[in-house]
Amino acid sequence: MAEPSPPSGPAAGGTQPEEADHLRDILLTPGYLKALVLCALIGVPVSLAAFWFLVGLHELEHFLWTDLPHHMGRDEPAWWWPLPLLLVAGLGVGQIAARLPGAGGHIPALGLHTGGASSTALPGVLLAAVASLPFGAVLGPEAPLIALGGGLALLFRDLARAPSTPQSTALLGAAGAAAAIAAIFGNPLVAAVLLMEIAGVGGPRLFAVMLPALLSSGVGSLVFTGFGRWTGLETGSLSLELPTPTPRLDAGDVLWSLLMAGAIAVVMRLVLDGGRLVAAYVRSGVRFRTVVCALGAAACAALYSLITGRSPVDVASSGQATLSTLASDAHSWGVGALLAVLLLKGAAYTLCLGSLRGGPVFPALFLGAATGVLLAPLPGLGLVPAMAAGMAAAAAATLRLPVSSVVLVALLLGSADVTPVVILAAVVAFVTTELLPSDLRRLAPSRARRSSADATAGGSSRP
């Protein structure tokens, strides 16, 4: 194996003081300080807009999937309920994508993006999200929120007549997107890390350095604390003692999690490639074929309800609310229901990724968690470590953002004891995804073309 080349540039040769002086000079630059103040001011209206946008989506979804069935005398939606709702979604998104600037936002199968936010495209992005998410699209709200935050930040910059440069556009767009995305994840740390990785700060070299560090930290945590604190000794750590009991990892948890992460990465890659195939199919007839794909997703939800007798919402939704139900009462899901939701929600997710508008995060988390619950009865594998590894692997394979996936899943679980498994699963899934053949990537815009377009718009992306 070739040895890595020594670092070059100002950071080499022990020049940290020079780097610190350079950073101080940047921070003391009047233009940079003004940009920081502007970002802080912009964060207030952007956060409020994101909050009310999410409230509106939630209220409309609750009305369509809970209130209306109750008015019809049903405790839950009928098996056929997704068909008319997703028909409306397909018709709406098809018209928006064909007629409005920005085509309703980027295609979810191509990943999360920070570039391309503009005031002209923003109405179409928001309308497409309203037409998709409350009506049962198997997508989350994070992509429209990123566009909302970045677009509003640039709009406020223009209204204030602040100088417009590529640097200020990138800075304000990322700041606005982070302020908006924090509203859905409920934690500013997740938003900041996610936006840093999406923007590709540092490029491939950062990932090459980051992955060994992330992996070694997970292994080190297992050695000292992971296997039930086998030494009985304390080294001191920056952590809180939570009152709720947390699981203790053992060798079975780790070994099964590694195998599960690799398998989930392969399956999620197939789902994403399928989404790109759907996007290529929709592109040549966006109005009609968007409706076809939306009805296909609705048929998956209806079939799931007929087979299992459960609510079609398990399939026809982002999975955010269902994930909470699954985590709190995993034993209420039988093996048949888990297999059905994995197959049919995975198929509906594939169709929505290439046709409707939204983000890929929450359905991936749900599919990973459901896989963990299904495999938890394996000898030596616990339920919580299985769910943790499944969510981390699915998120890392779908987003190709390993650090963001680790932070998100760790904060969702609220337990540091399973973090080593989360880290190992995310790294294994990310590496597996990156090493898989990439024949279908030609269906998406080339990396060079996207980088050029995003640089012009003041942002960047990871597919």
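Tutor: Two residues are in contact, or touch, when heavy atoms of theirs lie within 4.5 Å. By that rule, and leaving out residues up to four places away in sequence, L145 touches A50, F53, L54, A180, I181 and I184. The model is predicted, so local features need pLDDT of at least 70 and side-chain atom pairs count only at pLDDT 80 or more, while totals for chains, interfaces and linings use all residues. Residues are numbered from 1 along each chain as its sequence is written, and side-chain values use heavy atoms, with hydrogens and water left out.

L145 belongs to the largest nonpolar core, which has 122 residues. A nonpolar core is a set of buried Ala, Val, Leu, Ile, Met, Phe, Trp, Tyr and Cys residues joined through side-chain atoms within 4.5 Å. Here buried means under 20% relative accessible area, exposed means over 50%, and partly exposed lies in between, with a 1.4 Å probe and protein chains only. L145, I181, F185, Y349 and L365 touch the most other members of the core. Its largest share, 12 residues, comes from α14. Helices are DSSP runs of H or I with at least four residues, strands are runs of E with at least two, and both are numbered from the N terminus.

Helix α14 (residues 383-399) packs with helix α16 (residues 419-435) at an angle of about 35°, and their axes are 8 Å apart. Axes are lines fitted to C-alpha atoms, for helices over the stretch in contact, and angles run from 0 to 180 degrees between N-to-C directions. The crossing of α14 and α16 is right-handed; a crossing has that name if the near helix is turned clockwise from the far one by less than a right angle, and is left-handed if anticlockwise. The contact divides into 13 nonpolar residues, 1 polar and no charged. Ala, Val, Leu, Ile, Met, Phe, Trp, Tyr, Cys and Pro count as nonpolar, Asp, Glu, Lys and Arg as charged, and the others, Gly among them, as polar.

Helix α9 also packs with α16 at an angle of about 35°, with axes 8 Å apart, and this crossing too is right-handed. Among the α9 residues that meet α16 are V254, L258 and R269. This contact has 10 nonpolar, 4 polar and 1 charged residues.

The buried residues of α10 pack against α9 (251-283), α3 (82-99) and α12 (335-355). Those buried residues include T290, A294, A298 and Y304. The 23 residues of α10 (residues 286-308) should span 33 Å, and because its end C-alpha atoms are 33 Å apart, the two values agree. The expected span is 1.5 Å times one less than the number of residues.

Just after α10, G309 takes a positive phi of about 75°. The loop from α10 to α11 (320-328) holds A316, which is buried at a relative accessible area of 2%. Leaving aside neighbours within four places in sequence, A316 is in contact with W65, P82, G136, V138 and A301. In α11 lies T322, buried at 8% relative accessible area.
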